[in-house]
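Colleague: I've got the picture open and would like to know what the words really mean. Can we go through it together?

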Amino acid sequence: KQPVLQYLKLFLLLGLGGVTAMHVPKQDVSASLGALSLDGHFRFHDLSSAAQDFGNLSCFLPVAVLHPGSVADIATTVRHVFMMGEHSTLTVAARGHGHSLYGQSQAAGGIVIRMESLQSDSMKVHPGVSPYVDASGGELWINVLNETLKYGLAPKSWTDYLHLTIGGTLSNAGVSGQTFRHGPQISNVKELEIVTGRGDVVTCSPQQNSNLFHAALGGLGQFGIITRARIALEPAPQMVRWIRVLYLDFASFTEDQEMLISAQKTFDYIEGFVIINKTGILNNWRSSFNPQDAVRASQFKTDKKVLFCLEMTKNFNPEEADIMEQEVNALLSQLRYTPASLFHTDVTYMEFLDRVHSSELKLRAKGLWEVPHPWLNLIIPRSTIHKFATEVFEKILKDNNNGPILIYPVNKSRWDNRTSVVIPDGEVFYLVGFLPSALGPYSIEHTLNLNRKIIEFCNEASIGVKQYLPNYTTEAEWKAHYGARWDTFQQRKNTYDPLAILAPGQGIFQKAS
Ligand code: FAD
């Protein structure tokens, strides 16, 4: 795949050719959309920001951007496109925070709905025995956290970065270091309101319209636009003990990770990083952390090319700091990390959860945030993780790949197999994220080539890999991704979005025309 060239060509065709994907003049589309009675409004000019995303590798210009003033605006727009039927190739993409990687929230020649316009003061926290918050699908998780903390509550399951929308992460899964315990974010949703591809507004939950509820969770935006979500909450701690330790060998690292995720009494968050040739994270990983033993830490040296960093947290309130210390020490005493490499820091819960945003601000200041990000996220069964690690970390990635490499196990029992998300076989599987920035010697082509080599190896060695935030271009690849679940996925599509209007940027279905 040569994405940059392909995308540039398409961009030129759609943007400069003066026609939309409908092959009808833009002004006719604008006129028919402009005539809709809405609380919000359409924009037909200066649309380039809707043709950008975090990946910075794709650029598909839409014909219009809807800034919805209400859920009814979204329903009216989708119904309008649905009623145009197969005479039009007009599609509709919900855009959350546009933090997709390969154009998934874009709509070539179609309509982009700016979901953040729906953020409103309607976010409502319901304290009580089983607390929850009702929030708009376009709400950023950071806003949800800020609001729920006012009640001493917070969602249970997170992503590493909070400047993403509810609808955007629930369309994938939403994973982080709490997933082993609480499942992904999609396992912590009680109810959704959805505008289907027919323009119907449907409330759904495990009890009501459950097929749509499960379809939409991890559904890559294929079955409807999530306009509201009811998210489970728990009491929020005030503080977090944040710990990092290093391992010189993969076997001890993963055995300890797996022991921790299966233990009854354990940490609240468990992730891990791979450090290759001591670049990147090794230089930074402990910059804001304190060594447990400063003398030993300063003497820590290794010739190892590949190191593994285990990252954990324990939540606590200041008055329970002693208990937290005891519990942490008891857990650490069971681990086999290099003793000199034990570092920790205590931060507020908010500081911990919003940690990536601090890095974002630093990178933005240096002009290093809005660069191409050819990321690759994989889900690997526990049974093949060692084979994968030996080949990929020791051989394919001979050098640092200019970004963090995350690796941590999760328990399958916390995932609901009725949702649309695809996970591999086995009780435990690993989330592995290669998160490079394409800069300087790490060109886009260089990085995409490494990604290709990793995927080729996985296929040849029958690793049983699945992509997370999947990016495929052919129907055969999508069918292989969904495997035995493809038929269900397709049936759900036929039921809820029969004309394939929604989320065209995923490239799974072609609008019928
Ligand atoms: P968008 O990119 O705007 O949209 C993503 C897809 O969802 C598109 O197909 C879009 O059409 C669809 N969509 C958007 N809103 C809705 C809606 N309301 N209803 C239906 N469909 C909708 N993911 C994790 O799981 N864990 C992480 O720790 C994590 N960290 C990240 C860190 C960074 C810096 C970045 C850039 C991404 C990270 N991600 C992570 C990936 C992220 O979860 C996805 O890229 C997510 O889709 C981004 O959310 P968004 O609001 O920007 O969605």
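Colleague: Which residues are the closest to the ligand, and how many surround it?

Modeller: First, this is a predicted model, where local features need pLDDT of at least 70 and side-chain atom pairs count only at pLDDT 80 or more, while totals for chains, interfaces and linings use all residues. Residues are numbered from 1 along each chain as its sequence is written. Now, 37 residues surround the ligand, and the closest are Gly-96, His-99, Gly-167, Gly-168 and Gly-221. A residue gets in if its C-beta atom, placed from the backbone, lies within 6 Å of the molecule.

Colleague: Which elements give two or more residues to that shell?

Modeller: Those are strand 3 (92-95), helix 5 (166-170) and strand 10 (224-235). The names come from DSSP runs, numbered from the N terminus: helices are H or I with at least four residues, strands are E with at least two.

Colleague: What makes residues of helix 4 "buried", and which ones are they?

Modeller: Buried means 20 or more other C-beta atoms within 10 Å of the residue's own, with C-beta atoms placed from the backbone. In helix 4 (residues 141-149), Trp-141, Val-144, Leu-145 and Thr-148 are buried. They sit on the same side of helix 4 because they cover an arc of only 100° around the axis. That arc is taken from the directions from the helix axis to the C-beta atoms.

Colleague: What covers the buried residues of helix 4?

Modeller: The cover includes strand 5 (124-126), strand 6 (132-136), helix 5 and helix 12 (349-353). Contact here means C-beta atoms, placed from the backbone, within 7 Å.

Colleague: Into which domains is the chain divided?

Modeller: Domain 1 (3-114 + 495-506), domain 2 (118-235) and domain 3 (239-468). Those bounds come from an automatic or database domain assignment. The contact between domain 2 and domain 3 takes 24 residues from domain 2 and 23 residues from domain 3. On the domain 2 side, helix 4, helix 6 (179-182) and helix 7 (210-216) each give two or more residues.

Colleague: Why is strand 14 called largely enclosed?

Modeller: Eight of the 11 residues of strand 14 (residues 306-316) are buried, so the rest of the structure largely encloses it.

Colleague: How do you know that strand 11 and strand 14 pair?

Modeller: Pairing needs at least two bridges found by DSSP. Strand 11 (residues 239-247) and strand 14 have nine, in the antiparallel sense, with Leu-246 bridged to Cys-309 of strand 14. Strand 12 (residues 269-276) also pairs with strand 14, antiparallel over eight bridges, and there Gly-272 has Leu-310 as its bridge partner.

Conventions: Buried ≥ 20, exposed ≤ 12 C-beta atoms within 10 Å, placed from the backbone. Contact = placed C-beta atoms within 7 Å.
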